[in-house]
Amino acid sequence: MDLVLAKAMPEDKANAERAASNVFAAAQGRLPGAGRIADIRARAFEAYERVGLPHRRVEEWKYTDLRVLMRDVLRLAEPPDASALRRAQAAVEQAAFEGAIKLVLVDGMFAPNLSDVAKLGKGVDVQTLREVLESSASDAMAGLVLSTTTDAMISLNTAMATDGVVVTIAEGKALRRPLHVIHVSTTSSASHFTRSYLHLGDGAHGTVVESFVSAESACGYQANNVMIVLVGNQAGLSHLRVKADAADAVNISSEIIAVGSRAKLNLFDMIRGGAVSRYQDFITLAGEGAELCVNGVNLLMEKQHADTTLVVDHAAPHCVSRQNFRAVVDGAGRSVFQGRIIARPDAQKSDAKLTMRALLLSDQAEADNKPELEIFADDVKCGHGATSGGLDESLLFYLGARGLSENDAQALLIRAFLGEAIEGIANANLRDFATSQTERWFKARR
Amino acid sequence: MVAARETVERIARTGVDQYRYGFETLIESDKAPKGLSEDTVRFISAKKSEPGWLLEWRLQAYRCWLTMTEPTWARVHYPNIDYQDIYYYAAPKPKKPLSSIDEIDPEILKTYEKLGIPLREVAILEGVEPAPGGEPSANRKIAIDAVFDSVSVATTFKAELKKAGVIFMPISEAIREYPDLVQKYLGTVVPVSDNFFARLNSAVFSDGSFVYVPPGVRCPMELSTYFRINERNTGQFERTLIIADKGSHVSYLEGCTAPQRDENQLHAAVVELVALDDAEIKYSTVQNWYPGNSEGKGGIYNFVTKRGDCRGKHSKISWTQVETGSAITWKYPSCILRGDNSRGEFYSIAISNGFQQVDSGTKMFHLGKNTSSRVISKGIAAGKSRNTYRGLVSANRNAVGARNHTVCDSLLIGDKCGAHTVPYVEAKNSSATFEHEATTSKISEDVLFYCIQRGMSQEEAVSLVVNGFIKEVLQKLPMEFAVEAQKLISISLEGSVG
């Protein structure tokens, strides 16, 4: 088996790399930014090419082998034309979050006509990545937005990002209406890349929802999105993300987040669509007394593969983090949770807890949990728990004896199971939104 | 309280850097030429007058080893090992053929006496006194196989075991006396194509213990092997094979020490356990190789592959380990739960101090129906050490009704050490129920304050908390070992308090 793979891999890798090189070369003319920006892109692409698509021998991607699941990087999607935008509009309406200010990205390009930029109040500044990269005045900003890590998919994104939103919320500003960033894919058999940036100044508060959806007839696309998030000192951010991609799409979303001192971040990640979806969040609690709450649910069926990977880095003392994840896996789905908690040597009094629970509904379903603790400070309280199992037969029997159909009994238990994670969303509107999203999964399952 | 006070006294007696077993025995030994090649493998095989199939098997392992590179995924760091700078075989030079224990080189006998290991057939180990009215001491006999560098020097209680039908002898002897049995089972749990260090062991293993318990027999006494590295620049590569036939039961203990030296020595052992229908194997280890001095110089590199195969229905394998020594520990005793209703257990205490690095844990592979496993791991990191738990629990599609419960807790003493937990939980079956929990914390200030306020010293208080922390695992050790292990733990943590 190993021998077969060892033989197969170099060739696959070579093929994938050739494809990627072609994709990067072909896209050159369409990537905004010249001079220093172009250098950053070229270097990022080199970094990507050195390792290629992540595979199972790369520890962080052990359970999500993109060499198998993606095979190679598809050509860059064309900018959306009028018909694509029309189809996108329908999808945006479906995904809309009531009362929110929409910022829409279609196939990796900002769509001003579908967005509500005009409704933005004072103290909130939204630019597109294209504007930032093409204006020489914001050189420092460009470097910040394109900051990167050693992860291959983020490097690839740095090289290929065509557009995105760059949002700055001024110090002390409290957003009255939530921002809703909607990523729409209208394309087929193509890839798109966005890079966004969200900065909350000190003491600012806001709510940001991010949706990943597909327009009618879009299929087989690859989305790769990165967002850099800076939460200033004493600021507060509620952030919810929902992935509801087309059934055969690949979507890799990364977030690099830094949380300032005594700031609060409440994050929720949901996956309920797509063939291969992955969230990877690298969260640094950089200021003393920061508070983090990350919850998430993966709702899978058929052959879906969903992966939520988190690294929570307690880099300052007195920080608190709570993580709570649930996966419901039906059909031949596969859910992956990897959560690493790091407590740095001077992060004394760190308090971290992580729970991941998987519910398997069929004999083909699979759940892989990898919670990790990496502790270098002694005065800490860190713990994690992971469970996986099926529905409790005795509970099903109890409900059945009280006249519930098997389907209803199952649904009731699953809703209760998911509830534990959804309850962690601090904002009531977001909580309702998340619940309504889970209902769509129940409907699709029936 | 008594235990706590004894612990403190013990610490007071031993200064910093006191490794009790760090002496060296000066005896002449017979070594293979330095370095590793096919010739070395042939040399060892010839020394042991092994049959042809075994030499072939070793050579196959050696060739497999050549195709591999050293694994780097573990959280341990050490300078490259020069595999050509090691003696792969060292045996005390026999003065004449031995016919009884009295003819063993008195230097070696003295060594084991100093270590507290009775090679004469005595019944009681240090620290255990028969309780008044308790079981008669005859029931607490322990049969010992003593391995000195590359060879076994003595095995006690052979005759009595033979009466019960139990085969307990050095594996080199078993290869000569029971070649069919060895050939049938050797390498069936850890094949020649296993990991890097296991391949190396398969190629050059020199001795170790062999145990066969026939069907329906409950082994009348504890079996034990004591490993001692003595010679300079040598590696120790022992191979242990334990087979519990249908309905049998055996409890096996293993202990290890080495002289105190500035160089690092390699220890790459392989242990294979096979439990057939309704059989039970209990395997306990107290590992106390030289851990290096307070600056992190010297110490044993301990790269060990231990694996048990619950081949039969209703079989059970239980691993208990107390890891206090070695500069580097890389060890994952695992259970392959193949038989329906089989059970695997893993109880571990891993203590690291000074510059020690421990990367240890277990793997539980659930293959059969209604298999269950339990993992309890307690890690204590002190000084500048790194202590990692790495574990895997997996259930495949056919493992209907598999169950696992894992608890791994880490305790940090001091702010220069690190404790990490890396579990992998893989469920491919909806009827498998897996639970994993882990915590990392330090000794609570409140608890220490409470104890001190009631008249205990700081050391006593810490020792009390540590003893409570690891009690769950200590209880799983056979009594003779539990007492010794508890003392060992207090010494390992010495200097880390206050």
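Two strands are taken to pair if DSSP finds at least two bridges between them, and helices (H or I, at least four residues) and strands (E, at least two) are DSSP runs numbered from the N terminus. The model is predicted, so that local features need pLDDT of at least 70 and side-chain atom pairs count only at pLDDT 80 or more, whereas totals for chains, interfaces and linings use all residues. Residues are numbered from 1 along each chain as its sequence is written, and chains are lettered from A and ligands numbered from 1 in the order in which they are written.

**View 1. Strand pairing and contact between chain A and chain B.** Strand E18 of chain A (residues 366–375) and E23(B) pair in the antiparallel sense over six bridges, and within this pairing A:Asp368 stands opposite B:Glu426 in E23(B). Two residues are in contact if their C-beta atoms, placed from the backbone, lie within 7 Å; the contact takes 33 residues from chain A and 31 residues from chain B. On the side of chain B that touches chain A, strand E22 (403–413), strand E23 (418–427) and strand E24 (433–442) each supply at least two residues. The residues of that side of chain B divide into twelve nonpolar, twelve polar and seven charged, where Ala, Val, Leu, Ile, Met, Phe, Trp, Tyr, Cys and Pro count as nonpolar, Asp, Glu, Lys and Arg as charged, and the others, Gly among them, as polar.

View 2. Helix H3 (residues 52–66) of chain B has 15 residues and reaches 21 Å from its first C-alpha to its last, close to the 21 Å expected at 1.5 Å a residue, the expected span being 1.5 Å times one less than the number of residues. A residue is buried if 20 or more other C-beta atoms lie within 10 Å of its own, exposed if 12 or fewer, and partly exposed in between, with C-beta atoms placed from the backbone. In H3(B), the buried residues are B:Trp57, B:Arg58, B:Ala61, B:Tyr62 and B:Trp65. Because they cover an arc of only 140 degrees around the axis, they are on the same side of H3(B); the arc is that of the directions from the helix axis to the C-beta atoms. The face of H3(B) turned away from this buried side carries the exposed residues B:Gly52, B:Glu56 and B:Leu66. Helix H2 (38–47) and helix H8 (196–204) of chain B are included in what covers the buried residues of H3(B).

**View 3. Helix H2 of chain B and the residue that follows.** In H2(B), B:Thr40, B:Val41, B:Ile44 and B:Ser45 are buried. Seen down the axis of H2(B), these buried residues fall within an arc of 135 degrees, so they line one face of the helix. B:Asp39 and B:Ala46 are exposed on the other side of H2(B), while H3 and H8 of chain B are included in what covers its buried residues. Just after H2(B), B:Ser49 takes a positive phi of about 45 degrees.

**View 4. Strand E15 of chain A between its partners.** Eight of the ten residues of strand E15 (residues 320–329) of chain A are buried, so this strand is largely enclosed by the rest of the structure. Strand E13 (residues 291–300) of chain A runs parallel to E15(A), joined by ten bridges, and the bridge partner of A:Val297 in E15(A) is A:Arg326. Ten bridges also join E15(A) to strand E17 (residues 351–360) of chain A, again in the parallel sense; here the bridge partner of A:Val320 in E17(A) is A:Asp351.

View 5. A:Glu255 is placed in strand E10 (residues 250–259) of chain A, and it counts as buried because it has 23 C-beta neighbours inside 10 Å. Leaving aside neighbours within four places in sequence, A:Glu255 is in contact with A:Met227, A:Val229 and A:Asp281. The C-alpha atoms of A:Glu255 and A:Phe282, 27 residues apart along the chain, are separated by 6.1 Å.

**View 6. Two loop residues of chain B with positive phi.** B:Asp278, in the loop between strand E11 (270–275) and strand E12 (280–287) of chain B, has a phi near 60 degrees, a positive value in a residue other than glycine. B:Asp278 is buried, with 21 other C-beta atoms within 10 Å. B:Asn370 lies in the loop between strand E19 (363–366) and strand E20 (372–382) of chain B and has a positive phi of about 50 degrees although it is not a glycine; with 18 C-beta neighbours inside 10 Å, B:Asn370 counts as partly exposed.
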